Amino acid sequence: MKILKAILATLLVCGAVTSNAATIEMEVNGLVCAFCAQGIEKKLRTFPETSDVVVSLEERLVAVSTKEGKDIADDELRRALTDAGYTVVNIQRPDESIDAVRARLKESPR
Amino acid sequence: MFSLIRPSAGACAALAFVGASAAASAKPIAFANGTTVMAEYGAGTMLEGQAFYAPTYWLSTGPGYVRFNSDIQYVNREIAYLRVNYLAKRWNLPSAQANVFVWGGLGSAAGNTFDGTRLARNVGAQFDYETRRVYASVKSDLWESSEFSQRVDTLQLGFAPYAHDYSTLATWFVIQGRDYTGQIRHGVEWAALIRLFKGGAWIDAGVTTDGKPQIMAMFNF
């Protein structure tokens, strides 16, 4: 089981390094309920560049990944969340895949 | 640090014609490009259904139906209406959100104390504050026609035993106090509710101090 986990973790890391897809993390204020998350996810998935979206109420985090070779400008993302009724505090582009972000959120202490 | 979002003042003008109400203490606007369908059975005193579409996060509109059955005397009123909801102000705080909603609409009222139908008008407002563990809302609805004038004021206070996340079931314990004017009910109607929601589905279920069921279901998509 440990070996399997190690392989999966390696694949996730390799995916982050070799992929041309971007992962973008946004810290968001006002993110307190599932309906908030539902609206934000729905909005971000309207971008043709979007491949996946992760929302964490616990971490006040919205992460979006783009398709290979695609990107979404910070201004567009900030406008999308403002238009959804929320406030973006900051935007970061971590060097990891969205699956790694998802795994990290799952492991974060409550 | 907190942020304040104020929708354009021009949109307020769109509300010059005001008119209907929301029985449920849920937000009348869920999210942009979203549809909200709600039904409530209010302890035999009120029955309401609504369907709203929100083109933006600060405006929604749609039809509704509400029926009131008085427990003072045999009086009933029913109103079919078209309503506009407007988010007047929102505070986005790091771990909380607060909102001021106003709404209005026009409808057709019927009842057993007058013949035929009358034009009904409604205005209302709601203030709510919520974190992932605490919730409070105060709402007031005024319904009027040439035959009646009545108000429904609702207070809800809730707490969650655990902080939910997007993918987990949210559980809340809510105390509701509701006051009806206009010969509908004497005294405040208190109810204890359990609220569950996950994804776009929401249900409130509980009982009043009179032992009557209080149920609300809402779906956002």
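Two strands are said to pair if DSSP finds at least two bridges between them, and the elements themselves are DSSP runs numbered from the N terminus, with helices being H or I of at least four residues and strands E of at least two. This is a predicted model, in which local features need pLDDT of at least 70 and side-chain atom pairs count only at pLDDT 80 or more, while totals for chains, interfaces and linings use all residues. Residues are numbered from 1 along each chain as its sequence is written, and chains are lettered from A and ligands numbered from 1 in the order in which they are written.

**The sheet of chain A**

In chain A, 4 strands form an open sheet in the order β2-β3-β1-β4, with antiparallel pairing. The edge strands are β2 and β4 (87-92) of chain A, each of which pairs on one side only. From one strand to the next, the twist averages 20°, where axes are lines fitted to C-alpha atoms, for helices over the stretch in contact, and angles run from 0 to 180 degrees between N-to-C directions.

Strand β3 (residues 61-66) of chain A pairs with β2(A) in the antiparallel sense over 6 bridges, and 5 bridges join β1(A) to β3(A), which also run antiparallel. Some of the bridge partners in β3(A) are set out here.

| Residue | Bridge partner in β3(A) |
|---|---|
| A:Val53 | A:Val64 |
| A:Val55 | A:Val62 |
| A:Thr23 | A:Ser65 |

The hairpin of β2(A) and β3(A) has 4 residues between the strands, and in this hairpin A:Arg60 takes a positive phi near 55°. Because 5 of the 6 residues of β3(A) are buried, this strand is largely enclosed by the rest of the structure; a residue is buried if 20 or more other C-beta atoms lie within 10 Å of its own, exposed if 12 or fewer, and partly exposed in between, with C-beta atoms placed from the backbone.

Helix α2(A) is mostly covered, with 8 of its 11 residues buried, among them A:Phe35, A:Ile40 and A:Leu44. How many residues does each chain give to the contact? Chain A gives 21 residues and chain B gives 29 residues, two residues being in contact if their C-beta atoms, placed from the backbone, lie within 7 Å. On the side of chain A that touches chain B, the elements that give two or more residues are α2 (34-44) and β2 (50-56) of chain A, and the largest share, 7 residues, comes from α2(A). The residues of this side of chain A divide into 9 nonpolar, 7 polar and 5 charged, where Ala, Val, Leu, Ile, Met, Phe, Trp, Tyr, Cys and Pro count as nonpolar, Asp, Glu, Lys and Arg as charged, and the others, Gly among them, as polar.

**Chain B and the confidence of the model**

The secondary structure of chain B comes to 1 helix and 13 strands, and of its 221 residues 42% count as buried. Among contacts in chain B between residues at least 6 apart in sequence, 52% join residues at least 24 apart.

Chain B averages a pLDDT of 87, and 89% of the residues score at least 70; pLDDT is the predictor's confidence in each residue, from 0 to 100. Over residues 1-25 of chain B, however, pLDDT stays under 50. For the complex, the predictor gives an ipTM of 0.75 and a pTM of 0.81.
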